[in-house]
Amino acid sequence: MLLEQIYTAYRPLLFSLAYRMLGSADDAEDIVQDVFSQFVAMDQGEVSNVKAYLAKMTTNRCINLLRSSRRQRETYTGPWLPEPLPIDGPVMPADPAERRENIGYAYLVLLQQLTPLERAVYVCKETLGLEYKDLAEMLGKTEPGCRKIFSRAKQKIGRISWNTDTRQHRIEAQERFVEAFLKASDEGNFKPLLAFLTDEVTLISDGGGKARAALKPILGVDRVRAFFEGLSAKGRFREGFEPVAVNGEPGLQLKQNGRVTLVLTVEWEPDGSRIRRIFLMVNPDKLLRFNQSSPGTCR
């Protein structure tokens with residue numbers, strides 16, 4: 001296979017892997033470019049399995065970057081959330097061998113609970129479908145060790161349903177929530193939204209010290225409602241929300257002076273009945289891709 005064909009065939013997969021590992025599209029792109037640059041410079045004749053080798057290079061670079069950026073995360077202003085992507089469709093290639101259709105923004109948030117090594121094992125096993133012997137060779141661990149790491153990661157994340165019917169039900173419910181939120185923000189009455197939320201719902205906003213955001217999670221349905229009503233009363237929603245695809249699922253965006261300044265998405269209960277977490281991204285650095293075609297953007 002020619003180098004150009006290799007790049008075309010595996011770049012989406014490697015980006016998907018790195019993005020899930022890092023939660024940053026820019027960092028994922030940088031790592032993928034670095035991997036291919038190194039691959040081009042080496043003797044490809046020594047590589048028996050190109051896909052596995054490129055995945056190994058990408059995974060190890062992601063682990064190193066996560067470990068080096070740990071202190072930066074610890075000093076981050078307020079909660080840290082992954083960068084959302086404005087895409088309508090799967091983040092990863094639609095190849096059955098690589099498993100899982102688009103799994104949404106909430107999955108990226110859940111991955112943040114894992115250590116870099118746990119994340120590597122979990123993502124490679126769940127996303128790429130790699131066997132434990134491949135993971136052991138890739139990460140320099142034993143097969144039993146990789147099994148234990150995967151089991152521990154799965155316990156931290158909790159049970160996630162991949163049933164297609166369940167996912168479709170959740171998407172339909174999310175579309176109804178988006179419609180209800182649009183109406184609530186237009187009218188300034190957020191009471192009808194309560195039917196979508198658990199009593200213990202949590203709102204998490206990421207401003208990164210560069211935009212006004214709650215520095216701590218807002219807990220409970222009454223406080224979340226008061227939060228939205230307070231912003232509405234201050235005129236923060238004057239220009240109105242718009243529906244947008246966030247990591248392939250229904251979400252909302254808010255513009256000010258023609259630029260997207262807020263993106264909202266949610267995490268549902270495993271059975272898709274109600275929303276248990278609301279995510280607000282207001283950090284402008286993580287909204288660049290929502291503003292690529294907006295006035296004043298440099299991208």
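The second largest cavity of this predicted model is lined by Phe177, Phe181, Phe190, Leu193, Leu194, Leu197, Val221, Val224, Arg225, Phe228 and Ile278. On a 1 Å grid over the protein atoms alone, a cavity is a set of points where a 1.4 Å probe fits but cannot get out, and lining residues have an atom within 4 Å of a point. About 60 Å³ of space lies in this second largest cavity, where a volume is the space filled by probe spheres set on grid points joined across faces, edges and corners. Two elements, α9 (164-187) and α10, each give two or more residues to the lining, and the largest share, 4 residues, comes from α10. Helices (H or I, at least four residues) and strands (E, at least two) are DSSP runs numbered from the N terminus. By class, the lining has 10 nonpolar residues, no polar ones and 1 charged residue; Ala, Val, Leu, Ile, Met, Phe, Trp, Tyr, Cys and Pro count as nonpolar, Asp, Glu, Lys and Arg as charged, and the others, Gly among them, as polar. The model holds 4 cavities of 30 Å³ or more.

Residues are numbered from 1 along each chain as its sequence is written, and side-chain values use heavy atoms, with hydrogens and water left out. In this predicted model, local features need pLDDT of at least 70 and side-chain atom pairs count only at pLDDT 80 or more, whereas totals for chains, interfaces and linings use all residues.

The largest pocket has a volume of about 460 Å³, a pocket being an open set of points with protein on both sides within 12 Å along at least five of seven lines. Of the 18 residues in its lining, Ser24, Asp27, Gln72, Trp80 and Lys286 are the closest to its centre. Helices α2 (25-41), α3 (50-68) and α4 (70-74) each give two or more residues to this lining, which divides into 5 nonpolar, 6 polar and 7 charged residues.

An open sheet is formed by 6 strands in the order β2-β1-β6-β5-β4-β3, with mixed pairing; two strands pair if DSSP finds at least two bridges between them. Because β2 and β3 stand at the edges with a single partner strand each, one side of each is left without a neighbour in the sheet. Helix α5 (residues 104-111) packs on the sheet and touches β4, β5 and β6, its direction making about 90 degrees with that of β6. Contact means heavy atoms within 4.5 Å; axes are lines fitted to C-alpha atoms, for helices over the stretch in contact, and angles run from 0 to 180 degrees between N-to-C directions. Helix α10 (residues 221-233) lies across β1, β2, β5 and β6, at about 45 degrees to β1.

Strand β1 (residues 197-206) is mostly covered, with 8 of its 10 residues buried; buried means under 20% relative accessible area, exposed over 50% and partly exposed in between (1.4 Å probe, protein chains only). Strands β1 and β6 (residues 275-281) run parallel and are joined by 6 bridges, and Ile204 has Phe279 as its bridge partner in β6. With β2 (residues 218-219), β1 pairs in the antiparallel sense over 2 bridges, Ile218 in β2 being the bridge partner of Leu203.

Asn247, in the loop between β3 (241-246) and β4 (249-256), has a positive phi of about 50 degrees although it is not a glycine. Its relative accessibility is 1%, so Asn247 counts as buried. Asn257, likewise not a glycine, has a positive phi of about 55 degrees and is found in the loop between β4 and β5 (259-268). At 72% relative accessibility, Asn257 counts as exposed.
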